[in-house]
Amino acid sequence: MDRPNIIFIITDQQRYDTIAELGFPHMDTPNLDRLVREGVSFDQCHVTAASCAAARASLFKGYFPHTTGILKNADRWRRSWIESLNDAGYHCTNIGKMHTWPYQTELGFHERFVVENKDRYLEGRYYFDEWDKALRARGLVKQQREIYRKRADYNESLGAFDWELPADTHPDNFVGDMASWWIETYPQTEPLFLQIGFPGPHPPYDPVPEASAAYMQKDLPLLPVSDQELENQPPALKELRVHNRDIDHDSVVMPLHPSQQQRHRQRAYYLANVTMIDQKVGQIMQSLEKAGYLENSILIFTSDHGDCLTDHGQSQKWTMYDQITRVPMIVWSPDRIQGGRRIESLVQQMDLGPTILQWAGVEVPESLEAESLMPAIQGDDFSGRPYVYCEQARDAVLTGCQFMTMVRDRQYKLVHFLDEPDGQLFDLQADPGELDNRWNDGNLAEVKQRLLAELREWRIRSGLTTKDWCQDWR
């Protein structure tokens, strides 16, 4: 076969438990369900960072955040392995969100149609992307924090609001429609690398009313939050809860003790946004087929991290619970890959990088910390990683610690806070909800020391294996 077209769809802040076919029947996701049924799903895929830019930079570079030096949003990143695809003859196009900094840097793309966060405030507040310009051309003002703050129910809504402008102006509809327009209009160009970045379901949680109405009628699973769990959280996470109560990041005001009604409504609006994206994924697949791309394409679907959505008493990301680190990752190509398979082995999301380079016939740099998923995709023996890791530095939101690191194996998860005596330790078999922090439990002292030792060895090993990664820029 010729080198495949690679269609890479990334959502923003989508949890693993948001696709019906993965075992969550309250979801309405027929197009993503099809990808799962016909493709390969990596059911224990974990991101390497607990915020957008750090996770995305790691994914598109193939190194952990501490190696890239991109540890938080607005850290500059302008290089990626997409440049190697470009050099190898791929036409590389980005439609939607990538979250590079600066937003419009080339990153190896031949062309970019940038659509960024729905509500930009901490950085790029006056950067006008394709969506901003389209709204301006129609004489519309986008829904944003300044407008939401005028609502009488703003402090009680947990960031969940109805999209009141025309439905086609919603950012996820806009990105999906732009992707279909480009696919059907631009002369067929192969091999193609097309990255489509949906801004949602990142907050504000603002689906069109008919989408949220369907979920408001459903009984949605909400993880119980107890006073005991909150009391046993490390000081940095206690501070994070207060911070998110006092400051409305992304139009979300998170009370310390939201009601079940508030929690249900927020969850319904978030899940409705996922269903909207699912509809656009189906539309994009139809456009790919119409334009003659689909037979020789590999389609990848994933997200940059998840969202606590009030689980664990927390808002959005910046923590190391599975609600944040575990994301859907599906690889679909019926003509190339035997589908209908679920891979339970631990993998890092950045492992997609060398896999894509191999599909494209590009030599994979030896220094990459990402590991190819090709054996799993081809159906060979695949044990995955013995451990996965996630990192997050202090930023404008996570103010209570300098650096937070997670290490996880199949049974245990440890979260380490730099220079702090407190941390988190969970037995994931006995406590899959991560409700019982056993950091100070003597019965798990050996497990704690083993995982702390693994963090040490991992960082030393990382420094050695990546010593030449930036040799061209020394």
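The following paragraphs treat the annotated domain, then the ring pairs, and finally the charges placed over rings.

The model is predicted. In an unreviewed entry, UniProt places the feature "domain: Sulfatase N-terminal" at residues 4-362. This span is 35% helix and 15% strand, and its end C-alpha atoms lie 12 Å apart.

With ring centres required to lie within 6.5 Å, the count comes to 19 aromatic pairs. One of the pairs is formed by F64 and Y389, whose ring centres are 5.7 Å apart; their planes stand at 90°, so the pair is edge-to-face. F64 is buried because its relative accessible area is 3%, under the 20% limit. Y389, at 4% relative accessibility, likewise counts as buried.

A further pair consists of F113 and W181, which is edge-to-face because the planes are at 90°, with the ring centres 6.5 Å apart. Since F113 lies in strand 4 (residues 111-114) and W181 in helix 7 (residues 171-185), the pair ties together parts that are 68 residues apart in sequence. F113 is buried, with a relative accessible area of 17%, while W181, at 48%, counts as partly exposed.

Ring pairs also join F8, F60, W81, F109 and F193 into a cluster.

Charged side chains meet aromatic rings as well. The charged end of R326 sits over the ring of Y16, 3.7 Å from its centre. R265 lies over the face of Y269, at 4.5 Å from the ring centre.

Technical notes:
Residues numbered from 1 in each chain as written. Predicted model: local features only at pLDDT ≥ 70, side-chain atom pairs only at ≥ 80, totals over all residues. Heavy atoms only, no water. UniProt positions renumbered as here; feature names shortened; annotations may be inferred. Helix = DSSP H or I, 4+ residues; strand = E, 2+ residues; numbered from the N terminus. Phe/Tyr/Trp six-rings, centres within 6.5 Å; stacked < 30°, edge-to-face > 60°. Buried < 20%, exposed > 50% of the residue type's maximum accessible area, 1.4 Å probe, protein only. Lys NZ or Arg CZ within 6 Å of the ring centre and 35° of its normal.
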